[in-house]
Amino acid sequence: MTKKVNIIVTQPPYGKEDSYSSIPMAASQVAAGNEASMIFVSGGVHSIVKGQKTGYGDLAVWIKDVPTVESEITKNLELVNFFALDRDVEKRGINDSEIIDGIKKISLSELTDMILRADVNLVF
């Protein structure tokens, strides 16, 4: 039986791996036959800005060619549904032209409906 899984990212991508690591987790849910959605809220909306070099870990890791959150999102656009909470995007001054293509903005009521309809909600 297919389950609806929401992965909600609340943390910004700077100095943390949560937003980056949660994307393969969402893709693995699809591989297991489930429907996965990633929703960026609060500081997590910084993960959806095009062209960022976010890096994580210590300075030695930053110097290396670390894959970006954007590259992981782009690679998984066909598998996972990506969303961002519109009010958090606006609060942080992120323009529509700055958002990675394929990410849909949703309202708070749409987010609430998604959470209530899901079988599993994971928050990072």
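Modeller: Buried here means under 20% relative accessible area, exposed over 50%, partly exposed in between (1.4 Å probe, protein chains only). This is a predicted model: local features need pLDDT of at least 70, side-chain atom pairs count only at pLDDT 80 or more, and totals for chains, interfaces and linings use all residues. Residues are numbered from 1 along each chain as its sequence is written, and side-chain values use heavy atoms, leaving out hydrogens and water.

Colleague: OK, which residues of helix 1 are called buried?

Modeller: Ser19, Tyr20, Ser22, Ile23, Ala26 and Ala27. Looking down the helix 1 axis, they fall within an arc of 165° (taken from the axis-to-C-beta directions), so they line one face.

Colleague: And what do they pack against?

Modeller: Strand 1, strand 2, helix 3 (69-75) and strand 3, where contact means heavy atoms within 4.5 Å.

Colleague: Why do strands 4 and 5 count as edges?

Modeller: The open sheet has 5 strands in the order 4-3-2-1-5, paired parallel. Strand 4 (104-106) and strand 5 (120-123) each have a single partner, so one side of each lacks a neighbour in the sheet.

Colleague: How do you know that strand 1 and strand 5 pair?

Modeller: Pairing takes at least two DSSP bridges, and strand 1 (residues 4-9) is joined to strand 5 by 4. Within that pair, isoleucine 8 stands opposite valine 123.

Notes. Helix = DSSP H or I, 4+ residues; strand = E, 2+ residues; numbered from the N terminus.
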